[in-house]
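Please look at the structure first.

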Amino acid sequence: ALKRYPPVTTYVDAFEDNFDLTNTQMFKQKVLTYDKWWTQGNPIMLYLGNEGSIEAFYDNTGAIFEHAEALNASVVFVEHRYYGVSFPRGRNTTDLSGLTVEQAMADYAWFIRGLRKRLGCKAHQCATVTFGGSYGGMLVAWFRQKYPQTHAGGIAGSAPVDFYPGTGVQERFWNATMHTFTKFGTPGCGAAVNRGLARIANLSLATEGRLLMEQQLHSCLPLHNESTAGAKVDLFIRGVLASLAMLDYPVATNFVVPLPANPVQHACQALENQSDPMVGLRKVTDLFLNGTGSFKCYDYMAEMVGRVTDGRFLGPKVQPDMGNWQYQACNEMILETLTSDGFGFYPPTDAQVKEVTAACESRYGVTPRPEWLPLSLGASDLRVGQLLFTDGEKDPWHTGAPRLDPSLNLDIVHHMIPGAAHHEDLRFDPPNPRPAVVAAKKLARQSIRRWVAQAAGHGHGVLV
C-alpha cells in the first residue's frame, strides 16, 4: 500500500500522560494519511495503530483502501504510543509506565477530536469508522466501549478480547492450532507435531537429552544444565507452530516474518520428511524465523516460563519490531507475551502464569493484573454496538473472540471466515480472491455504510 497509495506523513501533539492533569508535556505522534478520494464532510476510515511501526500496518491493511475508495473516504493511520517513532519521553526512554491500553485509547480520542477540527467537520459529518487487526482489533472493540461518541463504528479483525487465565482458553488455542495443521497441512501432520513435542518432553528429563536438544535445535545458550529447558523449548516451539497457523495465508507474505504461501503445508512436509522429530522441528523453526538467514541461533532461554532469565535475544541480527510489546503484555495481557525470539505468540498455561509474573517483575518491575481489562472493558460483556468482529478459521486467536449475548439486541456481529488466516479480510485481495474472504469484506462494507448513514442523522448514531 505504501507504493500504491503513498501517504502524507504528519505528526500531531499528544499528551505524555492523558490522566495526570499536572503533566503538560507533549510528544509527537506519527500519522499517515491518504485522502485522494475524500471531499469535505465525507467519511474517515481510521486505523488504530498497534504493536509496531505504523508503516507496517499501512502496508498490510489493503482492505481499508478498498472500502475508502468505494465510500469516497479518507484513510488515516495513527501510530501507537511507544512504537515506531511515537515515544513519550523520547525514543531512548526506559520509562514505559505510560504504555497502557487506557493511555493509547485516550490518545486516539484526542486525535479524532483534533482531526475533526482540522478538517472543519460539522456535526454529523466526517463519520469515522475505526479499523484494527489483532491487538489493533482489540483496541477497536475497547475504544467503542470507552469512547462511542467519537466515531460511528468499528471493524475488529482477529481481535481476542476475551483471552484471560482461568477460562480454559489455552487448551482451545492449542486445539485450534492443531486443527489448522491437520485440516490445511498434510494427513499425518498432527501426529508428527505430537511426536516432536513428546520428544522434547522426553529429552528434557536428563542432562544428556538436554544436551542433544541444545545441539539439534541450535540453542544460543546451553540447555544441558537447565532444569526448566523442556518448558522453555516447548513454549518456543508451540509459539512457532501457532504463529504459522495464524499466518497461513494463500500468498507469500512479509507481514511478521517472510513466509511462503501456505506455510503450514511447508511445515508439515518438513516434519513428515524427517525420521528424527527434532530435525523436523528445527526445520519448521527455520521456516518461520530464518527464511532470510538472519538468525545465528535460537533463544530458548529467553522464554518467560520456567526459571526467570533476562530475556535477551542473542539470535536475531534484526530485533523484532514489536520491541515494547513484552512490557505491555506484562502490564495488562499476560497470556499474550511474545515467544520464539520475539516473533511468535503462545499463551502460558494457568500453572505457568506465576512463572510469567515472576519474569515480568524481574525484567520490568511490573506485576501483571490479568483481571483488570475484563473488569474495565468487559471481555465478552460488551454493551456498545456498531461493531463487526471477523476471525479466520485457521487463526487460533479466534478462540478469544467475544461470546456475544443476542438478548442485548446490539449491533455487534461476529463473523467466522472459513479457511482464512489472521485478519485476512483486512488485507488486499490477491489476484484470485477466495469467495469466503470476499463475503467477509462485503459484510464489512454493508456495516460501514449502515453506520455512516446512522452518524449522518439517518439513524441513531451521533458524533462529537
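Buried means a relative accessible area under 20%. The model discussed here is predicted.

**Ala379**

Ala379 has 8% relative accessibility, so this residue counts as buried. Its place is the loop that runs between α13 (372-377) and β9 (387-392). The backbone deserves a look too. Ala379 is not a glycine, yet its phi is positive, at about 50°.

**Gln386**

The loop between α13 and β9 also holds Gln386. Here again phi is positive, about 65°, although Gln386 is not a glycine. With a relative accessible area of 10%, Gln386 is buried, because the cut-off is under 20%.

**Leu99**

Leu99 sits in another part of the chain, in the loop between β4 (74-78) and α3 (101-119). Its relative accessibility is 0%, so Leu99 counts as buried.

What is Leu99 in contact with, leaving aside its neighbours within four places in sequence? The partners are His80, Arg81, Tyr82 and Tyr83, together with Asn324, Tyr327, Gln328 and Asn331. Ala329 is 230 residues away from Leu99 along the chain, but the C-alpha atoms of the two are separated by 9.9 Å.

**Accessibility by residue**

| Residue | Relative accessibility | Class |
|---|---|---|
| Leu99 | Leu99: 0% | buried |
| Ala379 | Ala379: 8% | buried |
| Gln386 | Gln386: 10% | buried |

Technical notes
Residues numbered from 1 in each chain as written. Predicted model: local features only at pLDDT ≥ 70, side-chain atom pairs only at ≥ 80, totals over all residues. Heavy atoms only, no water. Helix = DSSP H or I, 4+ residues; strand = E, 2+ residues; numbered from the N terminus. Buried < 20%, exposed > 50% of the residue type's maximum accessible area, 1.4 Å probe, protein only. Contact = heavy atoms within 4.5 Å.
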